[in-house]
Amino acid sequence: MKPFTQEEQQSIEAFKSIIRKSENALARMNPGTPQTNLLEKRLNAARIGVDVLHARWEGKELDASQDELLAAKVVLEGLLLMLPSFLEKTKPGSGQRTYIERRIKAFQIVVSYLDEEVI
């Protein structure tokens, strides 16, 4: 296996960060609420996203159904539409801006890979 490029590693780290933060938030939420359901969908999409990155870059088989891939793609595309509005509110050169820019890039990469995977 070849080592990940810096962009690949940053994309994986962006998804891992999303997963950690989502799991922590989910642990503090009441089950069955609309907010919990939305967060669970986003968490699942993030998990599939990191799996897609690993599968693509390590040359492994992706272990997800077409329905799961399509659902993740829809969620990530929705988030991808929201992120630029957050980016506009940050200062150039700030850590928060860099964080959002990396998320946008990671989502773009995964959505492009999912476009190829979803039949």
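With which side chain does the side chain of Thr90 make a polar contact? The partner is the side chain of Arg97, at 3.1 Å. This distance, like every value here, comes from a predicted model. Thr90 lies in the loop that runs between α3 (66-88) and α4 (95-117). Its relative accessibility is 13%, below the 20% cut-off, so Thr90 counts as buried. When residues up to four places away in sequence are not counted, Thr90 touches Gln96, Arg97 and Ile100.

Pro92 is also placed in the loop between α3 and α4. Pro92 has a relative accessibility of 73% and therefore counts as exposed, the cut-off being over 50%.

The largest nonpolar core comprises 31 residues, and Phe15, Leu53, Leu76, Phe107 and Leu114 have the most contacts inside it. At least two residues of this core come from each of α1 (6-27), α2 (34-58), α3 and α4. α4 gives the largest share, with nine residues. Leu76 illustrates how such a residue is surrounded: leaving aside neighbours within four places in sequence, Leu76 is in contact with Phe15, Ala45, Phe107, Val110, Val111 and Leu114.

Next come the helix pairs. The axes of α2 and α3 are 9 Å apart, and the two helices pack at an angle of about 105°. This angle falls within 65 to 115 degrees, so α2 is roughly perpendicular to α3. On the α2 side the contact involves Lys41, Arg42, Ala45, Ile48 and Val52, which meet Glu68, Leu69, Ala72, Val75, Leu76, Leu79 and Met82 of α3. By class, the residues of this contact are nine nonpolar and three charged, with no polar ones.

For α1 and α4, the packing angle is about 105° and the axes are 9 Å apart. These two helices are therefore roughly perpendicular to each other. α1 contributes Glu7, Gln10, Ser11, Ala14, Phe15, Ser17, Ile18 and Lys21 to the contact, while α4 contributes Tyr99, Arg102, Arg103, Lys105, Ala106, Phe107, Ile109 and Val110. The contact of α1 with α4 divides into eight nonpolar, three polar and five charged residues.

Terms used:
Residues numbered from 1 in each chain as written. Predicted model: local features only at pLDDT ≥ 70, side-chain atom pairs only at ≥ 80, totals over all residues. Heavy atoms only, no water. Helix = DSSP H or I, 4+ residues; strand = E, 2+ residues; numbered from the N terminus. Buried < 20%, exposed > 50% of the residue type's maximum accessible area, 1.4 Å probe, protein only. Polar contact = N/O pair within 3.5 Å; in protein donor to acceptor, adjacent residues only side chain to side chain. Contact = heavy atoms within 4.5 Å. Core = buried A, V, L, I, M, F, W, Y, C linked by side-chain atoms within 4.5 Å. Axes fitted to C-alpha atoms, helices over the stretch in contact; angles between N-to-C directions. Parallel < 35°, antiparallel > 145°, perpendicular 65-115°, else oblique. Nonpolar A, V, L, I, M, F, W, Y, C, P; charged D, E, K, R; others polar.
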